[in-house]
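Let's take a walk through a protein together.

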Amino acid sequence: MKPKENLIATPYLEFDREHWATLRDSVPLTLTGKELSELKGINEELSMEDVIEIYLPLSRLLNFYISSNLRRQAVLEQFLGTNGAKVPYIIGIAGSVAVGKSTTARLLQALLTRWPEHRKVDLITTDGFLYPNQVLNERGIMKKKGFPQSYDMHHLVQFVSEIKSGARNVAAPVYSHLTYDIVPDQTQIIDQPDILILEGLNVLQSGMDYPHAPHHVFVSDFVDFSIYVDAKPELLKSWYIGRFLKFKQGAFSDPDSYFHNYSHLSESEAINIAEKIWDEINGLNLAENIQPTRERASLIMTKGENHSIQNVRLRK
């Protein structure tokens with residue numbers, strides 16, 4: 001069976017779920033049901049079938065790419081007569097709020113760590129490179145959180161550049177979804193992993209997305225393989241509302257939560273608030289800044305109902 005061919009020229013090969021599943025070959029399933037449940041996000045379905053039919057073939061493909069990259073590094077070192085620092089392979093994962101980027105990132109980390117090569121796989125999100133709430137408030141862009149202007153892109157690019165140079169003990173800021181802010185005096189240290197998974201709304205953005213802060217190098221310049229997790233906007237909105245309602249019953253009830261006042265809302269009030277936040281912030285950001293980056297990805301996974309992946313597009 002051949003991948004689907006579109007009549008319009010495209011840089012992608014398109015696979016339906018059935019065909020993509022055959023590309024797993026003999027990759028073993030190394031996750032238990034308990035481990036899988038621990039990787040799932042709030043209000044997100046993730047079945048063992050998805051792992052077997054979608055993520056195992058993807059981990060096999062990534063292992064091929066990573067092995068090829070290591071061979072290229074060895075060739076360069078042989079040519080130069082050097083023994084250079086280990087250069088991590090960087091995988092970027094982009095997509096909308098509520099699409100399940102974090103679950104995809106955690107699942108790939110778990111699968112890639114379990115390959116026979118026992119590679120060290122670190123995971124970081126670009127949320128840590130948002131400006132602190134105080135800065136966002138001072139600039140009057142608190143309602144633009146997640147938009148390009150809300151990120152300290154110079155800091156993020158510097159971080160990724162240091163990682164890609166083989167530097168040791170590179171520090172990244174830490175973001176709290178409870179307080180909805182950067183955690184003061186706390187960092188995550190990345191020390192020469194074999195693979196770094198970088199997850200965030202802005203992983204695929206480039207110069208045209210940051211006219212307010214012109215610079216010449218972007219995160220996407222350092223990413224070796226990129227994944228865009230896609231879904232129809234109406235599904236994303238319903239998933240966001242469902243997640244908001246679960247947070248209202250759980251995390252929002254914590255007095256330290258930034259959204260604690262929402263925990264006292266009725267369900268209908270909470271739905272109205274969630275719809276407003278989606279329409280005015282997350283949905284707008286998706287249309288203006290996130291979805292336009294989709295075609296820059298190496299691979300696009302499209303979800304349907306219940307977060308089930310329906311098809312995969314792979315750049316030729």
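Which residues is Ser-257 in contact with, once its neighbours within four places in sequence are left aside? Here, contact means heavy atoms within 4.5 Å. The answer is Leu-178, Ala-251 and Phe-252. You'll find Ser-257 in the loop between α7 (233–249) and α8 (267–290). It counts as buried because its relative accessibility is 8%; buried means under 20% relative accessible area, exposed means over 50%, and partly exposed is in between, with a 1.4 Å probe and protein chains only.

A quick word on what you're looking at: this is a predicted model, where local features need pLDDT of at least 70 and side-chain atom pairs count only at pLDDT 80 or more, while totals for chains, interfaces and linings use all residues. Residues are numbered from 1 along each chain as its sequence is written, and side-chain values use heavy atoms, with hydrogens and water left out.

Now zoom out. The protein has 8 helices and 9 strands (DSSP runs numbered from the N terminus: helices are H or I with at least four residues, strands are E with at least two). Its radius of gyration is 20 Å, close to the 20 Å that the globule rule gives for 316 residues, so the protein is as compact as a globular protein of that length. That radius is taken over C-alpha atoms, and the rule is 2.2 Å times the number of residues to the power 0.38. Of the 316 residues, 50% count as buried.

Next, find strand β4 (residues 170–176), where 6 of the 7 residues are buried. It pairs with strand β5 (residues 181–190) in the antiparallel sense, over 6 bridges; for two strands to pair, DSSP must find at least two bridges between them.

What about charges? Side chains of opposite charge can pair when their charged atoms come close. A salt bridge is a side-chain nitrogen of Lys or Arg within 4 Å of a carboxyl oxygen of Asp or Glu, and the whole structure has 11 of them. In one, the side chains of Asp-25 and Arg-60 meet at 3.6 Å, N to O. Asp-25 is in the loop between α1 (17–22) and α2 (33–39) and Arg-60 is in helix α3, so this pair ties together parts 35 residues apart in sequence. Asp-25 counts as exposed, at 54% relative accessibility, while Arg-60 is partly exposed at 22%.

Another salt bridge links Asp-194 and Lys-86, with their closest N and O atoms 3.4 Å apart. Asp-194 sits in the loop between β5 and β6 (195–199) and Lys-86 in the loop between α3 and β2 (89–95), so parts 108 residues apart in sequence are tied together. There's also a network of salt bridges linking Asp-230, Arg-294, Glu-295 and Arg-313.

Leu-76 is in helix α3 (residues 48–80), and counts as partly exposed at 48% relative accessibility.
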